[in-house]
Amino acid sequence: MKFIFIGLIKFYRLAISPYTPSTCRFYPSCSEYGLVAFRRFGAIKGAYLTIKRISKCHPLHPGGVDFVPEKTSKHDK
């Protein structure tokens, strides 16, 4: 399932993003964040993290550096 989302992000980056102005408020970009989130956490948590990140993309949020959280095991706590 995560590969469908990764494919959609790659399609966006190749077919849509080059034709829109670069306006991302974050580093890494939202599409890069989404790719890392889906690869690291899978479809459900990757989608949650990506949606949460995209919801911050508005003029009232300062943006900045926002990396995908590291994956921790239950035994690390």
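Helix H1 (residues 2–16) and H2 pack with axes 10 Å apart, at an angle of about 165°. Axes here are lines fitted to C-alpha atoms, for helices over the stretch in contact, and angles run from 0 to 180 degrees between N-to-C directions. This is a predicted model, in which local features need pLDDT of at least 70 and side-chain atom pairs count only at pLDDT 80 or more, while totals for chains, interfaces and linings use all residues. Residues are numbered from 1 along each chain as its sequence is written, and side-chain values use heavy atoms, with hydrogens and water left out.

## Exercise 1: the chain as a whole

Solution. 
- Step 1. Count the elements: the protein chain has three helices and two strands. Helices (H or I, at least four residues) and strands (E, at least two) are DSSP runs, numbered from the N terminus.
- Step 2. The C-alpha trace spans about 45 × 30 × 15 Å along its principal axes.
- Step 3. Of the 77 residues, 27% count as buried. Buried means under 20% relative accessible area, exposed over 50%, and partly exposed in between (1.4 Å probe, protein chains only).

## Exercise 2: H1 against H2

Task: state how H1 and H2 are oriented to each other, and which residues meet.

Solution. 
- Step 1. Take the angle of about 165°. Angles under 35 degrees count as roughly parallel, over 145 as roughly antiparallel, 65 to 115 as roughly perpendicular and the rest as oblique. H1 and H2 are therefore roughly antiparallel.
- Step 2. H1 passes H2 in a left-handed crossing. A crossing is left-handed if the near helix is turned anticlockwise from the far one by less than a right angle, and right-handed if clockwise.
- Step 3. Find the partners. Lys2, Phe5, Ile6, Ile9, Lys10, Tyr12 and Arg13 in H1 meet Ser31, Glu32, Gly34, Leu35, Phe38 and Arg39 in H2. Contact means heavy atoms within 4.5 Å.
- Step 4. Sort them by class: six nonpolar, two polar and five charged residues. Ala, Val, Leu, Ile, Met, Phe, Trp, Tyr, Cys and Pro count as nonpolar, Asp, Glu, Lys and Arg as charged, and the others, Gly among them, as polar.

## Exercise 3: H2 against H3

Task: describe the packing of helix H2 (residues 30–41) and helix H3 (residues 43–55).

Solution. 
- Step 1. The two axes come within 7 Å and cross at roughly 160°. H2 and H3 are therefore roughly antiparallel.
- Step 2. The crossing of H2 and H3 is right-handed.
- Step 3. The H2 side includes Cys30, Tyr33 and Phe41, and the H3 side includes Ala43, Lys45 and Ile54. By class, the contact has nine nonpolar, three polar and two charged residues.
- Step 4. Look at lysine 45, in helix H3. Lysine 45 is partly exposed, at 42% relative accessibility. Lysine 2 is 43 residues from lysine 45 in sequence, yet 10 Å from it in space, C-alpha to C-alpha.

## Exercise 4: cysteines and a proline

Task: count the disulfides, then say where proline 28 lies.

Solution. 
- Step 1. A disulfide is a pair of cysteine sulfur atoms within 2.5 Å. By this rule the count is zero.
- Step 2. Check cysteine 24: the nearest cysteine sulfur, that of cysteine 30, is 3.8 Å away.
- Step 3. Cysteine 24 is partly exposed at 35%, and cysteine 30 is buried at 15%.
- Step 4. Proline 28 lies in the loop between strand S1 (26–27) and H2. A cis peptide bond joins tyrosine 27 and proline 28, with omega about -10°.
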